[in-house]
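Please consult the sequence and the structure shown here while reading.

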Amino acid sequence: MAVAKEFDVDELDESENVELTDDKLENGSKGQLIKLAGQLRDRRNDLNQMASERASKRDDLNAKTREKVDEAQEHREKRDELNEKVQEHKNKRNELNAKANELFDEVDDMKSDLELDDGKDLEELKEEIEQLEFRQQTEVLSTEDERELIEKIEDKREQYRQKKEKVEDSGELEELVEEAEEVRSEASQHHQKVTKLADEAQEHHNEMIQAYREADDIRDDADAMHELFVEAQEAADRHHEDFVRVQKRLRELDKKEEQDRKDQREAKREEAKAEAEEIYQKFKEGETLDTEDLMKLQKTGLL
């Protein structure tokens with residue numbers, strides 16, 4: 001099987017397998033069967049060794065698969081932990097942004113109430129008053145023009161006074177603006193944490209996916225190695241079964257040989273007994289027996 005070379009294991013050479021046919025089993029001589037049993041035993045042992053090596057490599061691959069799955073699970077847990085933190089910071093950021101929006105709305109309302117967004121600021125009004133006063137002091141005006149200029153100056157001074165009073169009363173507004181900006185800044189900090197933690201979570205997610213893919217690849221190799229193990233083990237089992245069959249046949253032949261010897265001994269005993277009885281009959285009839293005949297009678301217990 002070509003796939004064996006991919007995993008640095010010896011290929012199973014089927015030409016080295018030992019075949020047992022019914023004809024060999026039933027008609028083979030005892031010597032031939034003893035030789036065949038030895039060949040089956042040796043090939044079985046080689047195949048069992050091969051199967052053991054393949055099982056060991058399969059188990060190593062399965063262990064590596066579990067390691068990769070554990071690694072992926074660690075990345076999954078870290079990712080989920082980071083995502084929980086991301087959600088916490090998101091919630092806090094959203095709460096703070098909502099609070100900041102409310103504060104800035106209050107700022108806008110207060111500005112509207114104080115009319116600080118309308119008209120000119122204090123510096124502009126002060127400059128205009130100085131320009132008008134300078135004109136009053138340096139220009140020759142008619143009585144009517146001078147009166148209008150004086151009224152204009154007084155009007156600007158009144159605007160300046162009212163504006164200044166509003167600004168002086170706007171200390172609460174400044175505090176509100178500062179608070180709103182601080183809340184917005186805190187929300188921005190949480191947003192930065194959201195971005196940083198989300199990036200870390202994505203890295204662990206990518207590592208998890210990669211580890212699972214590697215685990216799948218190694219598991220495929222383990223499955224292929226298991227098939228190689230099964231191939232060798234089944235061949236070893238077949239050789240063992242054939243070895244057992246030959247051993248059984250050899251025991252049958254041994255029993256048959258023993259029975260044949262027993263039958264032969266029994267036949268010789270019967271033959272000897274019949275001969276002894278014939279000699280004994282001659283003895284009773286008065287015939288003279290030689291030494292050999294006497295020994296035969298003693299051997300059979302007739303004398």
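## Helix α5

Tyr160 counts as partly exposed, at 22% relative accessibility; the term covers values between buried (under 20% relative accessible area) and exposed (over 50%), with a 1.4 Å probe and protein chains only. The model is predicted, so local features need pLDDT of at least 70 and side-chain atom pairs count only at pLDDT 80 or more, while totals for chains, interfaces and linings use all residues. Residues are numbered from 1 along each chain as its sequence is written, and side-chain values use heavy atoms, with hydrogens and water left out.

- Tyr160 belongs to helix α5; helices are DSSP runs (H or I, at least four residues), numbered from the N terminus.
- Between the C-alpha atoms of Tyr160 and Glu124 the separation is 9.3 Å, although the two residues are 36 residues apart along the chain.
- Arg161 is also placed in helix α5, which spans residues 143-168.
- With a relative accessible area of 38%, Arg161 is partly exposed.
- Arg161 and Leu125 are 36 residues apart along the chain, and their C-alpha atoms are separated by 9.8 Å.

- Arg58 lies in helix α3, which covers residues 30-114.
- The relative accessible area of Arg58 is 15%, which means that this residue is buried.
- Leaving aside residues up to four places away in sequence, Arg58 touches Ala222, Met225, His226 and Phe229; contact here means heavy atoms within 4.5 Å.
- Glu71 is likewise located in helix α3, and is partly exposed with a relative accessible area of 29%.
- From C-alpha to C-alpha, Glu71 and Tyr212 are 8.5 Å apart in space, while in sequence they are 141 residues apart.

## Salt bridges

- The search of the whole structure finds 28 salt bridges, each defined as a side-chain nitrogen of Lys or Arg within 4 Å of a carboxyl oxygen of Asp or Glu.
- One of these pairs is Arg54 with Glu231, whose closest N and O atoms are 2.8 Å apart.
- Because Arg54 lies in helix α3 and Glu231 in helix α6, this pair ties together parts that are 177 residues apart in sequence.
- Arg54 is buried, its relative accessible area being 1%.
- Glu200 pairs with Lys196 in a salt bridge, with 2.7 Å between the closest N and O atoms.
- Both Glu200 and Lys196 lie in helix α6, four residues apart, about one turn of the helix.
- Glu200 is partly exposed at a relative accessible area of 26%, whereas Lys196 is exposed at 52%.
- A salt bridge also links Arg249 and Glu252, where the closest N and O atoms are 3.4 Å apart.
- Arg249 and Glu252 are three residues apart in helix α6, so about one helical turn separates them.
- Arg249 is buried, with a relative accessible area of 17%, and Glu252 counts as partly exposed at 38% relative accessibility.
- Through shared partners, salt bridges join Glu19, Asp22, Arg238, Asp242 and Arg245 into one network.

## Negative surface patch

- Glu102, Asp105, Glu106, Asp108, Asp109, Glu172, Glu174, Glu175, Glu178, Glu179, Glu181 and Glu182 form a negative surface patch.
- The elements that give two or more residues to this patch are α3 and α6, the latter spanning residues 171-284.
- Helix α6 gives the most to the negative patch, with seven residues.
- Patch residues have over 30% relative accessible area and no salt bridge, and like charges are joined within 9 Å.
- Asp and Glu count as negative and Lys and Arg as positive, while His and the chain ends are not counted; a charge is placed at NZ of Lys, CZ of Arg, CG of Asp or CD of Glu.
- Accessible areas come from the Shrake-Rupley method with a 1.4 Å probe, and for residues only the protein chains shown count as cover.
- Glu178 is found in helix α6 and is partly exposed, with a relative accessible area of 46%.
- Glu174 and Val107 are 8.7 Å apart in space, C-alpha to C-alpha, and 67 residues apart in sequence.

Methods. Patch = residues over 30% accessible without salt bridge, like charges linked within 9 Å, V, L, I, M, F, W, Y side chains within 5 Å.
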